[in-house]
Amino acid sequence: MIAWIECEYVMKIKIEQNEDGERYFLIPGELHNDLPWNEGDTIEWIDNNDGSWTLKKLSQLEVLKLKAFENPHVKAEYDRLKDAP
C-alpha cells in the first residue's frame, strides 16, 4: 500500500504492517520537522472518498474516549451522561 502525504509537496510513502497487523509508515526527516507528531501518537485516517486520505493526530482526550468506548459499559454510561440535564 502507498500513501500520499501533501504539505507543500506530495510524497510517496510505503505503508508497513507489523506482526500484530497494525499499519504504520515512517515519516521522512524533511516532513517530520513540519508535523507536530511524535512516535506513539495515535493518528486517525479519514477517507476523503476520492482516493485520498486526511491524517489527523488525536488528542489525549480523543484517544481515551476511543479506548473507553471499547468497553460497552463505559460507552453506555457515556451515552447516559451526555444526554442528562
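1. Trp45 stands opposite Leu55 in strand E6. The structure is a predicted model, in which local features need pLDDT of at least 70 and side-chain atom pairs count only at pLDDT 80 or more, while totals for chains, interfaces and linings use all residues. Residues are numbered from 1 along each chain as its sequence is written, and side-chain values use heavy atoms, with hydrogens and water left out.

2. Strand E5 covers residues 43–47 and strand E6 covers residues 53–57; the two pair in the antiparallel sense over 5 bridges. Strands (E, at least two residues) and helices (H or I, at least four) are DSSP runs, numbered from the N terminus, and two strands pair if DSSP finds at least two bridges between them. The hairpin of E5 and E6 has 5 residues between the strands, and Asn49 takes a positive phi near 60° there.

3. The count of salt bridges comes to 3, where a salt bridge is a side-chain nitrogen of Lys or Arg within 4 Å of a carboxyl oxygen of Asp or Glu. Side chains of opposite charge can pair when their charged atoms come close.

4. Lys57 forms a salt bridge with Asp41, and the closest N and O atoms are 3.4 Å apart. This pair links distant parts of the chain: Lys57 is in strand E6, Asp41 is in the loop between helix H1 (29–32) and E5, and they are 16 residues apart. Lys57 is partly exposed, with a relative accessible area of 32%, and Asp41 is partly exposed at 26%. Here buried means under 20% relative accessible area, exposed over 50%, and partly exposed in between (1.4 Å probe, protein chains only).

5. Glu62 and Lys56 meet through their side chains in a salt bridge, at 3.0 Å from N to O. Glu62 counts as partly exposed at 28% relative accessibility, and Lys56 counts as partly exposed at 34%.

6. Arg80 forms a salt bridge with Glu77, with the closest N and O atoms 2.6 Å apart. Arg80 and Glu77 are separated by about one helical turn, because they are 3 residues apart in helix H3 (residues 72–82). At 34% relative accessibility, Glu77 counts as partly exposed.
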